[in-house]
Amino acid sequence: MPAIAIIGAQWGDEGKGKIVDRLSQKADVVVRYSGGDNAGHTVVNKRGEFKLHLTPSGIFTPGTTSILGNGVVINPSVLIKEIEGLNSRGIDTSRLYISDRAHLIMPYHVLFDGLEEEAKGDAAIGTTLKGIGPVYCDKVGRLGIRAGDILDKAAFKKQLAGVLKYKNALLTGVFGKPPLSLEDIYQEYCGYADRLGKYICDIIPILEEAIKNNKVILMEGAQGSMLDPDFGTYPFVTSSSPLSGNACLGSGINPSQLTAVIGIFKAYCSRVGAGPFPTELKDATGDLIRETGHEYGTTTGRPRRCGWFDAVVSRFSTKINGFTGAAITRLDILDTFPKLNICTAYKLDGKVIDYVPGNTAAMFRCEPVYEEIDGWQCNVSDIRKYEDLPLAARRYLSRIEELIGCPIKLISVGKHADQTIEVGKLH
Ligand code: IMP
């Protein structure tokens, strides 16, 4: 019963979509376990190029079941648009399931995300403004509305009325904004219930059945480990855990059923939004990585901050997730560089350290200690065997492997599914 978790190992945007799409061709079930439409996955396959925010990448494999787990937060209008877009391009969504326990993003969540960011001024997180922080606050604050709730319309109206009273008091009293209409939101979400009702169910029996029948299950992560609310660069983080521990919590697959944990690392680093990023290149080299790699957010279109591979962050990520294997993506983006740098340690207040400080103010002061490595200066995008990679590329990869402490199993050298080098078995 292989259950394989696919986890972003850096600050998100590591290219998980391509890897999950590839692996899902041999998977029976793909389940997403965290985040919402703050995530953006670009998948390029035989059917074309797709930008997904919510739907698990397994949707493209006929016969594969795709699940949005209880740990995901769902903006119903975004999901409906995504389903319609997929259907209009001939993609079957009849094997999509939504956990009845997944929380819904409500109009006030999106509104509060914007108002709170504005109120923070210079200390703003740079969120995606999709309502992610507010919806997870309501989840733990016991004010949330879950997918299953909207199916019982009478009970939903009572529940919404209670929550909205509180939200409107905040909106009018604290932010000086007009109140939201109960009737409008109720009608809007009843429409979503009619449209999405057929997908909403208890997902536990589906997963139980898959495990009992020895099916291959992929657990698809969103965002990256350094955006984790506990272990990331708090408060410059997202609001649900991208880590392997949450792959279980956000889907209902228990930890003893997890058989492999694959960390996805980009061959360099990028980050969107504010927060510490020790290897950031605010110069022409950073611009070159951004332009070569088209490093612009799938969700917001914002330019991503780019920098060298950070082995300190990556080693930390390997430890807290328990990676059993690594996939290195976007190696081809580094093709033209004569020299590359890998950050092996930080200099903090004059002292060299080899760990990620828990204190974010200290993380802001960390300066990278680099090891310089020769570039390969040739095109690797047509290479399909590890031994055919130029020696300098193999040296770069094996140094990364050594520093992160986990074997490399896959290398991606282009955005198409077949532009992949398999180094070892994933599980
Ligand atoms: P939120 O998740 O919208 O609340 O944003 C919090 C932080 O996480 C911001 O810095 C975002 O840019 C970042 N973030 C959220 N989702 C993603 C993602 O899918 N990729 C990269 N960064 C993300």
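**Entry 1: S251**

I began with S251, which touches V31, Y33, N70, I203, I204, L207 and M219, not counting residues up to four places away in sequence. Contact here means heavy atoms within 4.5 Å. This is a predicted model, so I kept to its terms: local features need pLDDT of at least 70, side-chain atom pairs count only at pLDDT 80 or more, and totals for chains, interfaces and linings use all residues. Residues are numbered from 1 along each chain as its sequence is written, and side-chain values use heavy atoms, with hydrogens and water left out.

I placed S251 in the loop between helix 8 and strand 11 (260-266). Helices (H or I, at least four residues) and strands (E, at least two) are DSSP runs, numbered from the N terminus. Is S251 buried or exposed? S251 counts as buried, because its relative accessibility is 0%. I used these cut-offs: buried is under 20% relative accessible area, exposed is over 50%, and partly exposed is in between (1.4 Å probe, protein chains only).

**Entry 2: the cores**

From S251 I went to M219. Leaving out residues up to four places away in sequence, M219 touches A3, I4, A5, I6, V31, Y33, A247, C248, S251, I253 and L258.

I then looked up the largest nonpolar core, which has 53 residues. A nonpolar core is a set of buried Ala, Val, Leu, Ile, Met, Phe, Trp, Tyr and Cys residues joined through side-chain atoms within 4.5 Å. Which members touch the most others? They are I217, M219, L331, W376, L389 and Y396. Helix 12 (residues 391-404) gives the largest share of this core, seven residues. Another core lies apart from it, with 40 residues, among them I59, L171, I185 and L196. In soluble globular proteins, nonpolar side chains tend to be buried together.

I checked I217 next. I217 sits in strand 10. It counts as buried because its relative accessible area is 1%. Its contacts, leaving aside neighbours within four places in sequence, are P2, A3, I4, V29, V31, L207, A210, I211 and I253.

**Entry 3: the ligand**

I counted 16 residues around the ligand. A residue is near a molecule if one of its heavy atoms lies within 4 Å of it. Which come nearest? D13, N38, T128, T238 and R302 do. The shell divides into seven nonpolar, seven polar and two charged residues.

A side-chain N or O atom of T238 is 2.6 Å from an oxygen atom of the ligand. A polar side-chain atom of N38 lies 2.9 Å from a ligand oxygen atom. For Q223, a side-chain N or O atom is 3.2 Å from a nitrogen atom of the ligand. The protein covers 97% of the 470 Å² of accessible area that the ligand has on its own. Accessible areas come from the Shrake-Rupley method with a 1.4 Å probe.

**Entry 4: R304**

R304 lies in the loop between helix 9 (284-292) and strand 13 (305-307). R304 is buried, because its relative accessible area is 7%. Leaving aside neighbours within four places in sequence, R304 is in contact with D13, K266, S270, R271, V272, R290, E295, Y296, G297 and T298. A polar contact of 3.5 Å joins the side chains of R304 and T298. By definition, such a contact is a pair of N or O atoms within 3.5 Å; within protein, one must be able to donate a hydrogen and the other to accept it, and residues adjacent in sequence count only if both atoms are side-chain atoms.

**Entry 5: helices 1 and 4**

Helix 1 (residues 16-24) is mostly covered, with eight of its nine residues buried. In helix 4 (residues 132-140), I found I132, P134, V135, Y136 and D138 buried. They pack against strand 6 (73-74), strand 8 (103-104), helix 3 (107-120) and helix 5 (153-173).

**Entry 6: backbone**

A cis peptide bond joins Y234 and P235, with omega about 5 degrees. P235 is in the loop between strand 10 (217-220) and helix 8 (244-249). N214 is not a glycine, yet its phi is positive, near 60 degrees. N214 counts as exposed, because its relative accessibility is 52%.

Conventions: Ala, Val, Leu, Ile, Met, Phe, Trp, Tyr, Cys and Pro count as nonpolar, Asp, Glu, Lys and Arg as charged, and the others, Gly among them, as polar.
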